Amino acid sequence: MSKRIAVVTDSNSGITQSQAKEMGLYVLPMPFMINEETFFEDITLTQAQFYERLAENADVITSQPSPEAVMKLWDELLETYDEIVHIPMSSGLSGSCQSARMLSENYDGRVQVVNNQRISVTQRQSALDALVLIERGMDAAAVREFLEEDKFNSSIYIMLDTLYYLKKGGRITPAAAALGTILRLKPVLTIQGDKLDAFAKARTVSQGKTIMINAIKADMEKRFGGVSADKIWLQIAYTYDREAAEQFKEQVLAAFPGFDVHMDPLSLSIACHIGPGSLALACAKKI
């Protein structure tokens, strides 16, 4: 008899609690400290409330789920499931992956923590891929191995509207932020593997969008075997401004005819580091 396996991810995947129920997944909400009060994404804090607090210049700090919260969810699931595949956000961007790995050592192999360096829409895709792999008959350990081997088969580019939040979070120097602001630069960042890196500096929003589209196209051609909707998922993520994201989606669909584009708000854990008005373009190779 095949094993019953649960797939767990965190709210950095952009999957809401209600979507998780529909998809047959479980989502651990990421905690935030706002002016020293704790909130949980999509449970006690909505996207709208978060951006209100950000606009008020509240002190917003991201945190990782507590060991108690993680183990409580795992223990509950293991009453009805044989095994768990747990897909946290990229280990390069948070300590929550390392913490989950350590906690899983107490579960005799029943909990497999995937370190595949994904975030947002690409992390969401990993959770969906895990469901497909389980459907194909893989056990939790095999799913983890597959997803970790597949980790570089995704790409994400993010254009920032402002450098203010990167500066505030200490991610860049105040001097670099000031210079970027004076020049009105729109930095394009990339996540390849575990780190968030600078990719290009755009002078305008439209130049930034073109840079992202060309970069994804180049990745598809050089790394993922060609620009093909049969082989590649295409995704957009954004912070706060859905209208701007819808406009960008039209442009992306025109640049990639025949593709479907999945679009989600970026998770709040990322939004607090990059601020509102950011746009991201991502792709992931179909398994």
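Asp139 touches Lys3, Ile5 and Glu83, leaving aside residues up to four places away in sequence; a contact here means heavy atoms within 4.5 Å. Asp139 sits in the loop between helix 5 and helix 6, where helices (H or I, at least four residues) and strands (E, at least two) are DSSP runs numbered from the N terminus. This is a predicted model, so local features need pLDDT of at least 70 and side-chain atom pairs count only at pLDDT 80 or more, while totals for chains, interfaces and linings use all residues. Residues are numbered from 1 along each chain as its sequence is written, and side-chain values use heavy atoms, with hydrogens and water left out.

**More on Asp139**

- Asp139 is partly exposed, at a relative accessible area of 31%; the cut-offs are under 20% for buried, over 50% for exposed and in between for partly exposed, with a 1.4 Å probe and protein chains only.
- Asp139 and Phe199 are 60 residues apart along the chain, and their C-alpha atoms are separated by 38 Å.

**The chain overall**

- Count up the secondary structure and you get 11 helices and 13 strands.
- The radius of gyration is 19 Å, which agrees with the value near 19 Å for a compact globule of 287 residues; the radius is taken over C-alpha atoms, and the globule rule is 2.2 Å times the number of residues to the power 0.38.
- Along its principal axes, the C-alpha trace spans about 60 × 50 × 30 Å.
- Some 49% of the 287 residues count as buried.
- Take the contacts between residues at least 6 apart in sequence: 74% of them join residues at least 24 apart.
- The chain exposes about 13400 Å², with carbon and sulfur atoms supplying 51% of that; the areas come from the Shrake-Rupley method with a 1.4 Å probe, and for residues only the protein chains shown count as cover.

**Charges and salt bridges**

- There are 29 positive and 36 negative charges, and their mean positions are 7 Å apart. Lys and Arg count as positive and Asp and Glu as negative, with His and the chain ends not counted; each charge is placed at NZ of Lys, CZ of Arg, CG of Asp or CD of Glu.
- Searching the whole structure turns up 10 salt bridges, each one a side-chain nitrogen of Lys or Arg within 4 Å of a carboxyl oxygen of Asp or Glu.
- One of them pairs Glu148 with Arg101, the closest N and O atoms being 2.5 Å apart. Glu148 is in helix 6 (residues 140–149) and Arg101 in helix 4 (residues 96–104), so this pair ties together parts 47 residues apart in sequence.
- Arg101 is partly exposed, with a relative accessible area of 28%.
- Arg118 pairs with Asp150, and here the closest N and O atoms are 3.5 Å apart. Arg118 is in the loop between strand 7 (111–113) and helix 5 (120–135), and Asp150 is in the loop between helix 6 and strand 8 (154–159), so the bridge ties together parts 32 residues apart in sequence.
- Glu246 bridges to Arg242, with the closest N and O atoms 3.2 Å apart. Both residues lie in helix 10 (residues 242–255), 4 residues apart, or about one turn of the helix.
- Glu246 is partly exposed at 31% relative accessibility, and Arg242 is partly exposed at 41%.

**Positive phi outside glycine**

- Asp108, in the loop between helix 4 and strand 7, has a phi near 50 degrees, a positive value in a residue other than glycine. Asp108 is exposed, with a relative accessible area of 73%.
- Tyr240 has a phi near 75 degrees, again positive and not a glycine. Look for Tyr240 in the loop between strand 11 (232–238) and helix 10; Tyr240 is exposed, at 55% relative accessibility.

**Lys217**

- Lys217 lies in helix 9 (residues 205–223) and is partly exposed, with a relative accessible area of 27%.
- Lys217 touches Val227, Ala255 and Phe256, not counting residues up to four places away in sequence.
- From Lys217 to Asp150 is 67 residues along the chain, and their C-alpha atoms are separated by 19 Å.
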